[in-house]
Each structure stands twice: as C-alpha cells, then as structure tokens.
Amino acid sequence: MEHPENSAEYAGLQVNSGVEQPSIINPYLQRRRFKRQELSPAEMVEGILKGNITILSQAVTLVESVNPDHQARAQEVIEKCLPYSGKSVRVGISGVPGAGKSTSIDEFGIHVLREKGGKLAVLAIDPSSERSKGSILGDKTRMEKLAAHPDSFIRPSPTAGSLGGVARKTRETIILCEAAGFDKIFVETVGVGQSETACHSMVDFFLLIQLAGTGDELQGIKRGIMEICDGIVINKCDGENVDKCHMAATNFRNALHFFPMPESGWQPKVLCYSGFYGLGIKEIWDMIYEYIDFVKQNGYFDYRRNEQSKYWMYESINEHLRLNFYNNPLIRQRLADAERTVLAGQKTSFTAANDLLETYFKNLKTP
C-alpha cells in the first residue's frame, strides 16, 4: 500500500511498510472432532468393578439417559453389577432448603473417611426448573473437602420431573456405585419437605436436618417426613444459637412421642451439631452405626432391603407402562386431538383420558 507521506513533497519523511504479522491461528493445528469411544456393557462393567471413576460416570450418564437404546445397554450393565452390590451403608439426608445439607455432607464425609476409611459416594439431587427444565447441578462446589478427596465420588443429578426428592434413576446409580467399591452412599434430596418417601425407600438410614427457630412446636408434629426419619439433627448449633438449638431438640423429642413406634423398633434420636465448625459430627456417626447394628441384630435390615426391592419392582412396572403408552404410535396420533377436545370443552379431562386408555388397550398386541 502506497503512503502519501512518501511523495516528493515530503522528502524528509518516509513511512516503512512494517513487519508482516503472523497469523493468530497455529498453522500446525489440525482441527479434529474428538469422539468419545463408546464402551460395550461388558467393558463398562469391567471398568466399574476396577473402580474406574471415569467409566462409572459414563455408566451413570447412560443409566440416566431416556434414549431407548441407551436404556437397553444400561439395564445390561446394571444386571451384571447387581451381584456385586448391596454391601454399603446407604444414608439419605434431607432437610428444608438452607438447612446446610451440602456443608454437613462435606463434614460428615470427611469425618467418616478419616475415622473408618473406605470409599464414599455422594448422590446429590438438584431440582429441575419447571419452566426451562434445566438444573444448576452446583452442589459439588459446596463440598470442597470431599471434591478433593481421592476416595470420594460426587455425582449431581437433576430431578427431571421426578417426585419424592430424588432423581429418576438414583436407585440404579446406587447399585453401580456399590459395584465400584463404595461402601458408604449418601443420597442428598432436594429438600422438598413432606414427600421424601422415594428417598426413604432406597436408603438404610434416613437423616433429617432441621434448624432452630423455623416454626412453632407443631412443626415437629406434622406427619410425613417426621414419621419416616430414623434420626433428627439440628444444624448451626454454635455461638448464640446453642440454647435455641437445644430447646428445639427438646421440642422434637417431645413431638416424636406422639408417633407410633417404627417397625424397626428404633426410637429416633435428636442431636445438635454445627456443620460449619464441625462440632458434634462424631456423635451423629455413632448414632448411624448404632442404628445399623440394631436393625441387623433384629433382622429389620434385611427385611427393609427386601421391601425396597419389591417397591422398586412396582415402580419400574409403572414407569415402563407409562413410557410404552406415550411411545405408542396410535396414542401419539390421537393425543393432540384429545387435547383439542378438552380445551374446546367438548370432553372432560377424565373422559378424554379414558378414551385414550381404551384405545391403547384395544390395540395392544396379544401373544
């Protein structure tokens, strides 16, 4: 490019063209699309049994997938891992939002790994948005100690519309983690309040985290989650909040006397602790292991595991029927018409549902 400054009238001034600049793109860089190698079910099982965390994570992703092909492969992996499962202590942890569940799990986990050894898996369930259907999955960021520990595995999962405070495939994930050698499993629920029955049906000990000063004494007498918990712990028992926590513990103990004795024969205990300062953590673990020994001696431990297996058999049947119904080609065709008739006021919701179900059952292929 010619510069006017280099003309004759500007003889005393000259502008050089400068040094040519190299390209900002590395000429030796070859753009390749790296595709993750898909492992066969046998290879996944082999990696899980060896404790490979990467393969375990891939298997959990496969289990959570709604793709029919993925589900078939996932079931094969689960069936092959099933004989190696069932040897862990499963603890469900729930509480109101803000009770300090993630912080407490961080302290609980570090304590038990230091004192008892072994391996710990944390299945953190994160609520999904009703509008965007997305989840933040950020519980791992609040478990700084466990996230850096070599013997821990933290897996956040979205609820994806599942009720009961747990994800749709949490039970299958527990089986995979146990097969990978994790002898302690934490299931952190979303903290939905009174409907934690799904979590209760997959753990051995159900721990409820409460706060002091969040309601009157009648809050502790509410049915639902109070009836199924095996232990109640009151967090943030430090500083000026100590007296309030002990007062709340007394109220909860009094409230528990209004409930009938649980099937296990275990009277739930109420303890106070501080998750932030790590106070009272040992007493909570002593309570958990005392409960496990108690129910193993009276036979309730095996009975509860069997009842849970039966419960999830029926849940699997319900889920399979639901998916089969909505994936039926004829139902897909008539579903939009049924919606229009309901919105137009030509049929009630119940009548439209009955018509669709009758159509579905009439067109089922009989062997």
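Start by selecting Ser88: leaving out residues up to four places away in sequence, Ser88 touches Glu178, Phe182, Asp183, Lys184, Ile185, Asp204 and Arg305 (contact means heavy atoms within 4.5 Å). You are looking at a predicted model, in which local features need pLDDT of at least 70 and side-chain atom pairs count only at pLDDT 80 or more, while totals for chains, interfaces and linings use all residues. Residues are numbered from 1 along each chain as its sequence is written, and side-chain values use heavy atoms, with hydrogens and water left out.

Stay with Ser88 for a moment. Ser88 sits in the loop between α3 (68-81) and β1 (89-95); helices (H or I, at least four residues) and strands (E, at least two) are DSSP runs, numbered from the N terminus. With a relative accessible area of 4%, Ser88 is buried (buried means under 20%, exposed over 50%, partly exposed in between, with a 1.4 Å probe and protein chains only). Now show the side chains of Ser88 and Glu178, which are joined by a polar contact of 2.4 Å. A polar contact is a pair of N or O atoms within 3.5 Å; within protein, one must be able to donate a hydrogen and the other to accept it, and residues adjacent in sequence count only if both atoms are side-chain atoms.

Next, select Ile48, Leu176 and Ile234, the residues with the most contacts inside the largest nonpolar core, which has 48 residues. Such a core is a set of buried Ala, Val, Leu, Ile, Met, Phe, Trp, Tyr and Cys residues joined through side-chain atoms within 4.5 Å. Helix α2 (residues 53-64) gives the most to this core, with six residues. A second, separate core of 32 residues includes Ala99, Leu113, Phe186 and Ile288.

Zoom in on Ile234: beyond its neighbours within four places in sequence, its contacts include Gln210, Cys245, Phe252, Val270 and Tyr273. Then move to Lys236, in the loop between β6 (231-234) and α9 (242-256). Lys236 is not a glycine, yet has a positive phi of about 65°. Its relative accessible area of 38% makes Lys236 partly exposed.

For the last stop, select Tyr360 in helix α13 (residues 349-362). Is Tyr360 buried or exposed? At 7% relative accessibility, Tyr360 counts as buried. Its side chain makes a polar contact of 2.5 Å with that of Asn324.
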